[in-house]
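Student: I am new to this structure and should like to learn how to read its features in order. May we look at it together?

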Amino acid sequence: MRTKKGFSERFDWTLCLLLMLFCLVSCIAIYSAQGPKDSYLQSQIMWYVIGSITIAIIMYFDNEQIQQITWILYGIGAILLIGLLIAPVTEFTPKRGGAQSWYVIPHLGSIQPSEYMKVFYILAIAKVINNHHKKTIYKTLLTDFLLMCKLGIVAGIPIGLVIVQDFGTTLVLMAILIGMMLVSGISWKILIPLYGVAAAFGSLVFYLAIFGRELLEKYLGVDPYQFDRINSWLDPHNAGDAGMQLVKSLMAIGSGLISGKGLGKEEVYIPERHTDFIFTIIGEEYGFIGGSIVIILYFILIFHLVRTALQTADPYSIYISVGVISMITFHVFENIGMTIQLLPITGIPLPFISYGGSSLMTNMMAMGLMFSIGYHHKSYMFSSNSLSF
């Protein structure tokens, strides 16, 4: 027997409060970075408003309706990415930072399709896994291998389209795929060798990027300038201009000490710090305490998303949840890690805090899916709502 719940019981108030707190942190950090007269703060507030409306719209779609439009969204995302590959460099498709990754719409701003593709990608992978298990009566290594091939095709298209222009997004897409494959039901007899080979290949490439760059340049066509990020990560003080951003990031965060310097009192100048390096503002102005509070907020968010996934008995919703959790977790780990020299600089924004319409809208769309999962979750009496893989 299904129990009926009203809106107030079905709505995820905890997630709503967390997003409000992230909005507050984002606005304070951007205000400190750019000042009250700059348009970045107003734009970020506007995107939060638009994102909130987007969440409200997505929340009222149940998983069956979302599945019906998944391939349409995936196709639109792929077409937009292909357009950037074949389009000449113009004012509508400009190059920024050496990459042609944006469409510029007059009077509206720029759109980065690779950001939105992350959500469409999660939906597509979730649908492939869900449909495969619905059609598979008897699970064998052969059916698991077939599922892995399907996932490879669906994931390979967007990864292949962005790997040249945006290596950071490529890493995010791979992290999402790895996370979703873990809960896809594919046998560990396949996953363990697969992950082992992938780890070995990644380690080999990393080793060659440090000690065998001539081989990468000769056989993989890697341009010498692409090694600047490795140089700036391993030895930023001797990497020239390439390492200056990281050196200043370490100076800013370190100078904040325990409690920080206070609002608007940053002394270390970091270019474009309101985007990928916004954590340096938090570290410098609010110190170890402020940075820890932000990290704790992310832990609470991820814990809440995991709990939301565990409370639903619908496999498709669980797959989506894992994809969203993998995306957010990788973004947080990589962004904060690169500002303190734990990881190389990849240009990945800090979720919900970094300035940027496309990245914020992507995260808000992902949260809309989580709101939808919680809102449409069916509660049954005498049911544990458990699911085993």
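The dialogue below takes up confidence, the nonpolar cores, the cavities and some individual residues.

Student: How should the model and its numbering be understood?

Tutor: This is a predicted model, in which local features need pLDDT of at least 70 and side-chain atom pairs count only at pLDDT 80 or more, while totals for chains, interfaces and linings use all residues. Residues are numbered from 1 along each chain as its sequence is written, and side-chain values use heavy atoms, with hydrogens and water left out.

Student: What is the average pLDDT of the protein chain?

Tutor: pLDDT is the predictor's confidence in each residue, from 0 to 100. Here the average for the protein chain is 86, and 91% of the residues score at least 70. Residues 379–389 have a pLDDT below 50; this stretch has 20 contacts in the model beyond near neighbours in sequence, a contact meaning heavy atoms within 4.5 Å. Where pLDDT is low, the predicted coordinates should not be read in detail.

Student: Which residues touch the most other members of the largest nonpolar core?

Tutor: In soluble globular proteins, nonpolar side chains tend to be buried together. A nonpolar core is a set of buried Ala, Val, Leu, Ile, Met, Phe, Trp, Tyr and Cys residues joined through side-chain atoms within 4.5 Å. Buried means under 20% relative accessible area, exposed over 50%, and partly exposed in between (1.4 Å probe, protein chains only). The largest core in this structure has 88 residues, and Leu-151, Leu-301, Ile-320, Val-324, Phe-352, Ile-353 and Met-367 touch the most other members. Helix 5 (residues 113–135) gives the largest share of this core, 12 residues. Helices (H or I, at least four residues) are DSSP runs, numbered from the N terminus. Another core, of seven residues, lies apart from the largest one and includes Leu-246, Val-268, Ile-270 and Met-338.

Student: How many cavities of 30 Å³ or more does the structure hold?

Tutor: On a 1 Å grid over the protein atoms alone, a cavity is a set of points where a 1.4 Å probe fits but cannot get out, and lining residues have an atom within 4 Å of a point. Grid points are joined across faces, edges and corners, and a volume is the space filled by probe spheres set on the points. The structure holds two cavities of 30 Å³ or more. The largest cavity has a volume of about 80 Å³, and helix 4 gives the largest share of its lining, three residues. The lining of the largest cavity divides into six nonpolar, five polar and one charged. For this count, Ala, Val, Leu, Ile, Met, Phe, Trp, Tyr, Cys and Pro are nonpolar, Asp, Glu, Lys and Arg are charged, and the others, Gly among them, are polar.

Student: Which residues line the second largest cavity?

Tutor: The second largest cavity holds about 40 Å³ of space. Its lining is formed by Pro-349, Leu-350, Pro-351, Phe-352, Ile-353, Ser-354, Ser-359, Leu-360 and Asn-363.

Student: Where is Phe-352 found?

Tutor: Phe-352 is found in the loop between helix 13 and helix 14 (357–375). At 1% relative accessibility, Phe-352 counts as buried. Phe-352 has a positive phi of about 70° although it is not a glycine. Among the residues that Phe-352 touches, not counting those up to four places away in sequence, are Leu-19, Phe-22, Tyr-48, Leu-301 and Met-367.

Student: What is the phi of Leu-257?

Tutor: Phi of Leu-257 is near 50°, a positive value in a residue other than glycine. Leu-257 is found in the loop between helix 11 (241–255) and helix 12 (279–310), and is exposed, with a relative accessible area of 63%.

Terms used
Helix = DSSP H or I, 4+ residues; strand = E, 2+ residues; numbered from the N terminus. 1 Å grid on protein atoms, 1.4 Å probe; cavity = no way out; pocket = protein on both sides within 12 Å on 5 of 7 lines; lining within 4 Å.
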